[in-house]
Amino acid sequence: MSRPINELRNAERHAEQIVEVAKRERQDKLRQAREQARDEIAQLRAQKVDELRRYEATHSGEVDVLKAQMEAENAAKIAEIEEAVRLNSQGIVNMLLERVVEVRVDRVRFQ
């Protein structure tokens, strides 16, 4: 009778070993999957950062061009306004002086 009991104990030990090996293999696979996921995330992050830098590099020139165009347009408009002021300022001063100095008697009421 001890022989079947010993065989049963040996079978149990063998089964425990198989279970332990399976657990270790499962843990190893999980660890490898985590590492692989981390690597893939790092690669994707690097790729997206690179794409963003390339996008910024190609489009930052457009912003600079638009800014230069707007500054040129603003400078031209300012120059136009200054020229109009230069040409018309004396006429405006004369008109104001005429209105201030001119006294219309028909509107003044004496009491």
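Okay, let's start with a definition: helices here are DSSP runs of H or I with at least four residues, strands are E runs of at least two, and both are numbered from the N terminus. By that count, the protein chain has one helix and zero strands.

Quick housekeeping. This is a predicted model, where local features need pLDDT of at least 70, side-chain atom pairs count only at pLDDT 80 or more, and totals for chains, interfaces and linings use all residues. Residues are numbered from 1 along each chain as its sequence is written, and side-chain values use heavy atoms, with hydrogens and water left out.

So, overall shape. The radius of gyration of the protein chain comes out at 46 Å, well over the 13 Å from the globule rule for 111 residues, so the chain is more spread out than a compact globule. For the record, that radius is taken over C-alpha atoms, and the globule rule is 2.2 Å times the number of residues to the power 0.38. Along its principal axes, the C-alpha trace spans about 145 × 45 × 10 Å.

What share of the 111 residues is buried? It's 0%, with buried meaning under 20% relative accessible area, exposed over 50%, and partly exposed in between (1.4 Å probe, protein chains only).

Now charges. There are 21 positive and 22 negative side chains, and the centres of the two sets lie 8 Å apart. Lys and Arg are counted as positive, Asp and Glu as negative, while His and the chain ends are not counted. Each charge is placed at NZ of Lys, CZ of Arg, CG of Asp or CD of Glu.

Side chains of opposite charge can pair when their charged atoms come close. I'm calling it a salt bridge when a side-chain nitrogen of Lys or Arg is within 4 Å of a carboxyl oxygen of Asp or Glu. That rule gives six salt bridges, and I'll walk through some of them.

Take R54 and D50: their closest N and O atoms are 3.1 Å apart. The two are four residues apart in helix α1, so about one helical turn separates them. R54 is partly exposed at 48%, and D50 is partly exposed too, at 39%. While we're on pairs, salt bridges with shared partners tie D28, R31 and E35 into one network.

R31 has 39% relative accessibility and E35 has 35%, so each counts as partly exposed.

Then there's E51 with K48, at 3.6 Å between the closest N and O atoms. Here the spacing is three residues in helix α1, also about one turn. E51 is partly exposed at 32%, as is K48 at 47%.

Last stop, the nonpolar side. V93, L97, V100 and V101 make a nonpolar surface patch of about 390 Å². Patches use residues with over 30% relative accessible area and no salt bridge, joining like charges within 9 Å and nonpolar side chains (Val, Leu, Ile, Met, Phe, Trp, Tyr) within 5 Å. L97 is in helix α1, residues 2-101.

Q69 lies in helix α1 as well, partly exposed at 43%. From Q69 to V93 it's 24 residues in sequence and 35 Å in space, C-alpha to C-alpha.

Definitions and conventions
Areas by Shrake-Rupley, 256 points an atom, 1.4 Å probe, with all protein chains shown as cover.
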